[in-house]
Amino acid sequence: MALNSKIEWTESTWNPVTGCTKISEGCKNCYAFTMGKRLELMGNAKYANGFNVTLHSYCIKDPLKWKKPSIIFVNSMSDLFHDEVPFHFIESVFDVMNKATLHTFQILTKRADRLAELAPYLNWTPNIWQGVTVENGNYTNRINFLKKVPSKVRFISFEPLLGEVRNLDLSEIDWAIVGGESGPNAREIKTDWILSIKEQCDSQGVLFYFKQWGGTNKKKNGRLLLGRTWDEMPKVANLN
């Protein structure tokens, strides 16, 4: 069965790849790295290789067995477009997503250049949503790569948001997720940064989702922004 997720903007996770390497500021306190090391110490077979990039062919077809429709975050513990994931494996993952039309799949990457390079050779059925992470103004170029991808839904994760992001061109973007970093070493998020992105989303017709304030006690800090929660999401395509 699918692994239920505590991530607010999805329902389940599927990890045919685990492990990653850090490439930008947002990776510094990576939750997946910390969790992967913990699972390795617990003897979890999937992390016998630590947090090195590892392919798990045996679980590629799992979504085809799941009978309840679900929104599935692909590789919550890795990056599908990491250089160490061969194209034939990515193609196999896409083949399963193409067939598992009962579900909606969300893919998120920081390797937007490789995403754009491989996108023309993949089958982007409407149940596949593609996103990129933009943690501060230094990485807005990832959005330009995302726009080259023919996915039905394109989204940006501004999480962990580590600085103000101005002058966004959100044309051809459907959805934005914003959130602060959590954990013992969480870096600061400022209200003005969040509101700036929200205003840009509102003015350009992009759905806005505020995930969390984060911090050392994310439950206590909660999800309220301007006195309410913001849970806008794209509609799930009905392919059945």
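Reply: Begin with overall size. This is a predicted model. A compact globule of 240 residues would have a radius of gyration near 18 Å, and the protein chain has 17 Å, so the two agree. Along the principal axes, the C-alpha trace spans about 45 × 40 × 30 Å.

Me: How many helices and strands does the protein chain have?

Reply: The count is six helices and 10 strands.

Me: What share of the residues is buried?

Reply: Burial is judged by relative accessible area, with buried meaning under 20%. In the protein chain, 55% of the 240 residues are buried. The exposed surface comes to about 11600 Å², of which carbon and sulfur atoms supply 51%.

Me: Which residues touch the most other members of the largest nonpolar core?

Reply: A nonpolar core is a set of buried residues joined through side-chain atoms. The largest one here has 52 residues, and Phe94 and Phe158 touch the most other members. Helix H2, residues 87-99, gives the most to this core, with six residues. Beyond its neighbours within four places in sequence, Phe94 is in contact with residues including Leu80, Ile107, Leu122 and Trp124. A second, separate core of 10 residues has Ile7, Phe155, Ile177 and Tyr209 among its members.

Me: Next, backbone geometry. Where is there a cis peptide bond?

Reply: Read omega for the bond in question. Glu159 and Pro160 are joined by a cis peptide bond, with omega about -5 degrees. Pro160 sits in the loop between E8 and E9.

Me: Is Asn75 buried or exposed, and is Asn167 buried or exposed?

Reply: Asn75, in the loop between strand E5 (71-74) and H2, is buried because its relative accessible area is 1%. Asn167 lies in the loop between E8 and E9 and counts as exposed because its relative accessibility is 76%.

Me: What does Gly163 touch, leaving out residues up to four places away in sequence?

Reply: Gly163 touches Glu135, Asn136 and Trp193. Gly163 lies in the loop between strand E8 (153-158) and strand E9 (175-179). At 9% relative accessibility, Gly163 counts as buried.

Technical notes: Residues numbered from 1 in each chain as written. Predicted model: local features only at pLDDT ≥ 70, side-chain atom pairs only at ≥ 80, totals over all residues. Heavy atoms only, no water. Helix = DSSP H or I, 4+ residues; strand = E, 2+ residues; numbered from the N terminus. Rg over C-alpha atoms; globule rule 2.2 N^0.38 Å. Buried < 20%, exposed > 50% of the residue type's maximum accessible area, 1.4 Å probe, protein only. Areas by Shrake-Rupley, 256 points an atom, 1.4 Å probe, with all protein chains shown as cover. Core = buried A, V, L, I, M, F, W, Y, C linked by side-chain atoms within 4.5 Å. Contact = heavy atoms within 4.5 Å.
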